[in-house]
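Dear colleague,

Please find below the structure that I am handing over to you. My findings follow directly after it.

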Amino acid sequence: MRFTSQTSSDGVTERFFTLDRTPGVLWTPEDARGTRPLILLGHGGRQHKTAPGNVSRAYRYAAGGFAVVAIDAPHHGDRPQDDEFGRIVAGMRAGMAAGEDPGALVAGMHSRLAPQAVADWQAVLTAVQRLDQVGVGPVGYCGMSMGCGLGIPLIAAEPRIRAAVLGLLGVHGLAEDAARITVPVRFLVQWDDQMVPRDQSLALFDALASTEKTLHANPGGHGEVPLSEVDSSQRFFARHLN
């Protein structure tokens, strides 16, 4: 892991890094020492590790004592986007414009990204837990939309993750992995989501095998999750990771 820059503000230190070819950023409480809970933060589609929503959430979590790490998903942010992926995205958008099922189209793209994303996250998790200011403590995952679509295969494959905040996605392509998830889950649904049909979101919630899972539904569209959900998700992680 090679750190490329470091800044501190509002009691939080932000460090950019690369691990092999994976670019990422780590947030910790300023002058942090010793083992602490770690949250993996997945970003949405067409976004990146430092999208405004990611940074805002990361600062809130880090100010509460957590370490937080985000990486660019394959073909996003500072990672190269090859011609094949560009064709996949163009085909997905064309299918949506033609009235095809958007859930199935999005699931097809996520399935192509997931194997690499899972491997990247596992390598980053191992590297970050070797740092003195993080250590081998409990791990959580938070991801909405594409962050949920890539997070569910990761949580199903990674026993170090002990709790998750997920949502804004439907069940297409995820039922099998969801059935392997047994950690506590907080699942968010936007009741008027124009991109994810309500019944598909509820079906994904049902598919999760966790015995401790809660559904949080709010009015509004896909990107209109209220700020109060960030605060309550922090309390959720505090309960399950501290």
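The lining of the second largest pocket divides into 9 nonpolar, 3 polar and 8 charged residues. In this division Ala, Val, Leu, Ile, Met, Phe, Trp, Tyr, Cys and Pro count as nonpolar, Asp, Glu, Lys and Arg as charged, and the others, Gly among them, as polar. Please note that this is a predicted model, in which local features need pLDDT of at least 70, side-chain atom pairs count only at pLDDT 80 or more, and totals for chains, interfaces and linings use all residues. Residues are numbered from 1 along each chain as its sequence is written, and side-chain values use heavy atoms, with hydrogens and water left out.

The second largest pocket holds about 440 Å³ of space. Its lining comprises 20 residues, of which Pro74, His75, Arg79, Gln116 and Asp120 lie nearest the centre. Strand E3 (22–29), helix H2 (83–97) and H3 are the elements that give two or more residues to this lining, and H3 supplies the largest share, 6 residues. Helices (H or I, at least four residues) and strands (E, at least two) are DSSP runs, numbered from the N terminus. A pocket is an open set of points on a 1 Å grid over the protein atoms alone, with protein on both sides within 12 Å along at least five of seven lines, whereas a cavity is a set of points where a 1.4 Å probe fits but cannot get out; lining residues have an atom within 4 Å of a point. Grid points are joined across faces, edges and corners, and a volume is the space filled by probe spheres set on the points.

By this rule there is 1 cavity of 30 Å³ or more. The largest cavity has a volume of about 90 Å³. Helix H3 (102–128) and helix H4 (146–157) are the elements that give two or more residues to its lining, and H4 gives the most, with 3 residues. The lining residues include His43, Asp72, Trp121, Tyr141 and Met146. By class, this lining has 8 nonpolar, 3 polar and 1 charged residues.

I turn next to the salt bridges. The whole structure contains 8 of them, each defined as a side-chain nitrogen of Lys or Arg within 4 Å of a carboxyl oxygen of Asp or Glu. Arginine 79 and aspartate 120 form one, with the closest N and O atoms 2.8 Å apart. This pair links distant parts of the chain, 41 residues apart: arginine 79 is in the loop between strand E5 (67–71) and H2, and aspartate 120 is in helix H3. Arginine 79 counts as buried because its relative accessibility is 13%, and aspartate 120 is buried at 7%; buried means under 20% relative accessible area, exposed over 50%, and partly exposed in between (1.4 Å probe, protein chains only).

A second bridge joins arginine 112 to glutamate 84, the closest N and O atoms being 3.4 Å apart. Arginine 112 in helix H3 and glutamate 84 in helix H2 are 28 residues apart. Arginine 112 is exposed, at 54%, while glutamate 84 is partly exposed, at 43%.

Aspartate 10, with a phi of about 55°, is in the loop between strand E1 (2–9) and strand E2 (12–19) and is exposed, at 72% relative accessibility. Arginine 46, with a phi of about 60°, is in the loop between strand E4 (38–42) and helix H1 (52–63) and is exposed as well, at 68%.

With kind regards
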